[in-house]
Amino acid sequence: MSNSKHPAGLPTKVGVLGGGRMGAGIAHAFLIKGADVVVVERDEAAAQAARERVESSAAKSIERGVEDGNLDEMASRLTVSVDYADFGDRELVVEAVPEDWDLKVASLRAVEERLAPGAVLASNTSSLSVSDLAEQLARPRDFLGLHFFNPVPASTLIEVVIGRQTRPELVETSRGWVQALGKTAVVVNDAPGFASSRLGVAIALEAMRMVEEGVASAEDIDNAMVLGYKHPTGPLKTTDIVGLDVRLGIAQYLHKTLGDRFAPPQILRDKVASGELGRKTGKGFYDWS
């Protein structure tokens with residue numbers, strides 16, 4: 001897919017900070033629609049791994065016929081780097097580093113220092129306050145949340161999170177970006193957990209309490225949601241895929257900000273303490289070994 005097919009509303013030059021699973025997915029989403037993409041990583045090995053992730057993901061989309069395009073042409077529009085200065089000519093940079101407050105703030109500040117006037121900085125945070133992050137920045141009006149969902153290429157949703165200081169016109173601009181990516185925007189005002197994490201975690205925590213109380217097995221609770229409410233996967237299997245440690249971190253944050261209804265159940269604390277983090281460790285609420 002060449003730039004002649006570049007959809008209206010899509011930024012021509014996009015940056016992504018962090019080339020892990022989420023960052024690579026975000027880079028893929030923009031690349032496959034015709035943008036020129038720079039991914040910045042912490043070192044050369046991580047940068048090379050990020051390139052392989054993005055190219056492999058793009059190749060699969062082309063093979064499956066989900067996207068048409070030429071992989072070599074796409075690869076020519078992808079730059080991987082260890083230098084924040086490469087963000088200097090970007091219209092939009094999306095930060096996709098792990099969900100840790102200090103790391104997010106340090107990373108966002110380092111990117112912002114190199115951005116051109118008028119360039120937009122976004123965070124892919126799934127739960128941290130966009131308004132609080134904005135207060136750590138020099139240009140809070142040019143900052144918002146763009147919460148992509150995993151796996152990014154297949155997911156059709158992006159949560160656009162508007163901070164207290166985000167300039168109002170960015171709402172429509174970001175809706176245009178999401179539409180150009182072939183996805184649907186859900187616009188929410190900044191609040192703990194936004195819409196998706198807050199609802200997803202609330203259901204998952206209640207499902208965990210039901211397992212803890214012996215109401216039903218993890219499989220049966222999940223089947224109730226999959227078959228009864230048409231969830232693609234149940235809340236406990238989703239927790240295993242996301243990572244129990246990640247879910248615990250979000251629950252603790254929501255507990256602190258929204259109160260006791262988000263108090264993490266003991267079963268979740270115990271599993272994380274014993275290293276049962278879900279699919280990535282082979283065991284969570286399910287056995288993945």
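On a 1 Å grid over the protein atoms alone, a cavity is a set of points where a 1.4 Å probe fits but cannot get out. With that in hand, let's start inside. This is a predicted model, where local features need pLDDT of at least 70, side-chain atom pairs count only at pLDDT 80 or more, and totals for chains, interfaces and linings use all residues. Residues are numbered from 1 along each chain as its sequence is written, and side-chain values use heavy atoms, with hydrogens and water left out.

A search of the whole structure finds one cavity of 30 Å³ or more. Volume here is the space filled by probe spheres set on the grid points. The lining, meaning residues with an atom within 4 Å of a point, consists of Glu112, Leu115, Ala119, Leu121, Leu137, Arg139, Asp142 and Phe143. By class, that is five nonpolar, no polar and three charged residues.

Now two helices. Helices are DSSP runs of H or I, at least four residues, numbered from the N terminus. H10 spans residues 244-258, and H11 spans 266-273. They pack at about 135 degrees, axes 9 Å apart. Axes are lines fitted to C-alpha atoms over the stretch in contact, and angles run from 0 to 180 degrees between N-to-C directions. H10 and H11 are therefore oblique to each other; that term covers whatever is left after under 35 degrees (roughly parallel), over 145 (roughly antiparallel) and 65 to 115 (roughly perpendicular).

Conventions
1 Å grid on protein atoms, 1.4 Å probe; cavity = no way out; pocket = protein on both sides within 12 Å on 5 of 7 lines; lining within 4 Å. Nonpolar A, V, L, I, M, F, W, Y, C, P; charged D, E, K, R; others polar.
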